[in-house]
Amino acid sequence: MKVYSHKEMLDEVLGVKGTASRDKYEADMDKFLGKKAMLKLTTPNGADRVLLHSCCAPCSSAIIECMLENGLRPTVFYFNPNIYPREEYETRKQEAIRFVTAQGLDFVDADYDYDRWKARIAGLEGEPERGARCLQCFTLRLTETARYAAENGFTLFTTTLASSRWKSLEQINEAGRLAASRYPGTVFWEQNWRKGGLQERRNQLLKEYGFYNQQYCGCEFSMRRLEQVL
Ligand code: SF4
């Protein structure tokens, strides 16, 4: 007679981990038990404190949840002077504060200065989304994030911008690397935050928390997309 442990039984009947039938079984069981498939995170410099530039609550939610489950403690940095008009900025910011404080995390409310943002993108107003204006927009926001990181003892920063399918990941990473290069001692974490089930989880959390879900990227020029849809 042989007494099988649960693991031995699964190994024998379904195959060891890594085989298709075993992986499918485990995924089905996780789903049945209501467990989230957790993306395993490894920070590029081993830090467990991260400064997370947040663009909005919906895009931040799944990323923050995933970081916490991986033992990382993000401090949320809200610097989005691109958002227009001011009322829209305040609405998005209050939603971000609501979520972040509910997690017991620190929220850094950086200043809103739309005129500074407008000066930065001057001459690029007519650019399409994913064009040259967006690169400048990302660079301004991430450079400010890197500055705060350097001045407040963070060695690692990243951004929720990299969770949006509307934005160019290449541009975001380029802006992040440039920002880090301006503040030696900081590293930009180039993580594709759309992958690993985070996009799906974002959509679940959006409903669970009843977040305000904006319909355009943020600046007055991106409102054109909204106007075209309406
Ligand atoms: S479309 Fe979005 S990323 Fe591009 S400039 Fe406007 S606010 Fe910034």
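Which residues are around the ligand? In this predicted model, they are Asn82, Glu129, Arg133, Cys134, Cys137, Cys217, Gly218, Cys219, Phe221 and Ser222. The protein chain that supplies the setting has 230 residues, and its secondary structure comprises 9 helices and 5 strands.

**The chain as a whole**

- Beginning at the N terminus, the elements follow the order α-α-β-α-β-α-β-α-α-β-α-β-α-α.
- Of the 230 residues in the protein chain, 33% are buried.
- Among contacts in the protein chain with a separation of 6 or more, 74% are accounted for by residues 24 or more positions apart.

**The shell around the ligand**

- By residue class, this shell consists of 5 nonpolar, 3 polar and 2 charged residues.
- Cys134 is one of the residues around the ligand, and Cys134 also belongs to the part of H6 that meets H7.

**The pairing of helices H6 and H7**

- Helix H6 covers residues 132-151 and helix H7 covers residues 169-182; their axes come within 8 Å and cross at roughly 40°.
- Angles under 35 degrees count as roughly parallel and those from 65 to 115 as roughly perpendicular, so H6 and H7 are oblique to each other.
- The crossing of H6 with H7 is right-handed.
- On the H6 side, the residues that meet H7 are Cys134, Leu135, Phe138, Thr139, Leu142, Thr143, Thr145 and Ala146.
- On the H7 side, their counterparts are Gln171, Ile172, Glu174, Ala175, Gly176, Leu178, Ala179, Ala180 and Arg182.
- Within this contact of H6 with H7, 10 residues are nonpolar, 5 are polar and 2 are charged.

Conventions
Residues numbered from 1 in each chain as written. Predicted model: local features only at pLDDT ≥ 70, side-chain atom pairs only at ≥ 80, totals over all residues. Near = placed C-beta within 6 Å. Nonpolar A, V, L, I, M, F, W, Y, C, P; charged D, E, K, R; others polar. Axes fitted to C-alpha atoms, helices over the stretch in contact; angles between N-to-C directions. Helix = DSSP H or I, 4+ residues; strand = E, 2+ residues; numbered from the N terminus. Parallel < 35°, antiparallel > 145°, perpendicular 65-115°, else oblique. Left-handed = near helix turned anticlockwise from the far one by under 90°. Contact = placed C-beta atoms within 7 Å. Buried ≥ 20, exposed ≤ 12 C-beta atoms within 10 Å, placed from the backbone.
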